[in-house]
Amino acid sequence: MKKGRKHQQGTRARVNGNGNGQQHGEHESWKKLKLVEIHQALNCDPVDIETLRRAAVSEGGLLTDEIRRKVWPKLLSVNVYNLPAKPTKDVRENHKDFNQVLLDVRRSMKRFPRGMRVDERQVLQEQLIDIILVVLQKNPALHYYQGYHDIVVTFLLVVGERMAIAMVETLSNHHLRDFMDPTMDSTKHILNYLMPILEQVDPQLHDFMLRAEVGTIFALSWLITWYGHVLSEFRHVLRLYDFFLASHPLMAIYFAAVIVLHREKEVKQTECDMAMVHQLLSKIPQDLPYEELITQAHCLFTRYPPSLVAKCAALQSRKSITINCFKAFQTATQQQRPDSVLRRQLLRGRAQGLGGPDSQLVLSRDMQPNQLVKMAVWGISATLGAAALAVAQAALDWAPDFFMQIF
């Protein structure tokens with residue numbers, strides 16, 4: 001009997017092991033397929049921006065920071081071979097926002113990875129200050145707001161200083177533009193989409209919140225920081241940034257709606273009192289089902305687009321620069337050349353003496369060569385699989401300079 005039981009246990013163990021192994025294998029196959037699709041989209045001429053958007057929105061988003069460094073610039077139509085120069089010291093001189101930016105950045109320690117050395121974090125904080133001031137200096141119509149640094153630091157940590165300047169400047173003139181007016185009127189207008197969306201989906205929840213007179217101010221920090229200020233896990237912030245960069249500028253308010261809808265039972269069980277409901281909603285649970293909510297927000301946007309929501313709610317007509325410019329911005333992203341073509345154009349310009357002192361290869365100052373090689377390795381592994389990755393890794397170990405020459 002004992003022998004029989006042992007045999008049964010061993011059989012179950014093998015079955016469970018094979019089951020887990022099968023799931024792992026399916027996940028790896030799905031991941032490799034997604035990598036191949038992204039790699040092919042990046043190398044199309046023009047770049048297949050719709051495939052990149054779908055990849056950023058769909059389950060798992062862009063998967064890794066190395067892929068984000070390739071795709072995020074395309075989503076914002078940023079030429080990574082034509083980046084702005086590093087900021088100089090004079091950017092801080094007599095800047096009207098310097099003191100406020102300095103205070104906000106000094107208080108932003110929790111936005112940096114746990115365990116990061118103090119001296120490394122301080123260097124990044126100095127870069128963060130400079131990025132913000134450079135963008136504001138180059139764009140006098142943009143006005144700094146508290147929470148802006150929470151967005152900028154995300155790009156700094158992923159793409160480095162120079163690329164962050166280019167991407168944040170584009171983002172500030174498009175997706176974030178309404179937040180950067182001299183007053184809060186445009187920001188309030190975007191917040192005003194929240195309640196009408198809730199009304200369309202759950203009229204009872206909408207009516208409860210109206211009776212509680214809770215308003216929408218609980219979602220302000222969510223919206224203006226793209227949730228960077230309120231989420232403790234950086235991986236969740238990155239997943240949302242994948243989603244928002246690939247979506248309409250109002251998607252952040254649709255995501256706020258699905259968070260409230262997700263907590264519908266909690267809200268309705270709370271005392272119908274402004275202070276109580278505000279206290280509940282202003283604290284986002286850290287264990288939210290992000291993939292599920294992203295899918296729901298995407299579906300809500302399709303079912304109840306901003307034009308319909310504004311019409312149903314009779315929202316006061318207001319000129320939104322963010323919304324009005326989005327169609328033209330989206331069209332412009334469809335005409336981008338792949339990085340391989342941009343690189344050849346840069347090298348050709350150098351050969352003809354057209355490249356200035358700042359026309360250096362992408363990431364040359366922000367990232368180490370090995371990081372560039374990793375991005376190249378990713379491209380190979382996505383196309384050819386694990387065997388190529390092993391060969392490439394071996395090449396890195398004994399001849400990194402030679403390996404770089406083939407890209």
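This is a predicted model: local features need pLDDT of at least 70, side-chain atom pairs count only at pLDDT 80 or more; totals for chains, interfaces and linings use all residues.
The secondary structure of the chain comprises 22 helices and zero strands. Of its 407 residues, 48% count as buried, and among the contacts that join residues at least 6 apart in sequence, 77% link residues at least 24 apart.

Two helix pairs were examined, since packed helices are described by the angle between their axes together with the distance between those axes. In the pair formed by helix H12, which spans residues 234–245, and helix H16, which spans residues 290–303, the axes lie 11 Å apart and the helices pack at an angle of about 20°. Because angles under 35 degrees count as roughly parallel, H12 is described as roughly parallel to H16. The contact draws on His236, Arg239, Leu240 and Phe243 from H12, and on Tyr290, Glu291, Ile294, Ala297 and His298 from H16. The crossing in which H12 passes H16 is right-handed.

In the pair formed by helix H9 (residues 194–201) and helix H13 (residues 251–262), the packing angle is about 50° and the axes are 9 Å apart, so that H9 is classed as oblique to H13. On the H9 side, this contact is made by Leu194, Ile197, Leu198 and Val201, whereas on the H13 side it is made by Ile253, Tyr254, Ala256, Ala257, Val260 and Leu261. H9 likewise passes H13 in a right-handed crossing.

An unreviewed UniProt entry lists residues 208–228, 240–261 and 375–396 under "transmembrane region". Over residues 240–261, the corresponding values are 77% helix and 0% strand, and the end C-alpha atoms are separated by 18 Å.

The cysteines were considered with regard to disulfides, a disulfide being a covalent bond between the sulfur atoms of two cysteines. With a cut-off of 2.5 Å between cysteine sulfur atoms, the count in the model comes to zero disulfides.

Methods
Residues are numbered from 1 along each chain as its sequence is written. Side-chain values use heavy atoms; hydrogens and water are left out. UniProt positions are given in the numbering used here, feature names are shortened, and annotations may be inferred rather than shown by experiment. Helices (H or I, at least four residues) and strands (E, at least two) are DSSP runs, numbered from the N terminus. Axes are lines fitted to C-alpha atoms, for helices over the stretch in contact, and angles run from 0 to 180 degrees between N-to-C directions. Angles under 35 degrees count as roughly parallel, over 145 as roughly antiparallel, 65 to 115 as roughly perpendicular and the rest as oblique. A crossing is left-handed if the near helix is turned anticlockwise from the far one by less than a right angle, and right-handed if clockwise. Contact means heavy atoms within 4.5 Å. Buried means under 20% relative accessible area, exposed over 50%, partly exposed in between (1.4 Å probe, protein chains only).
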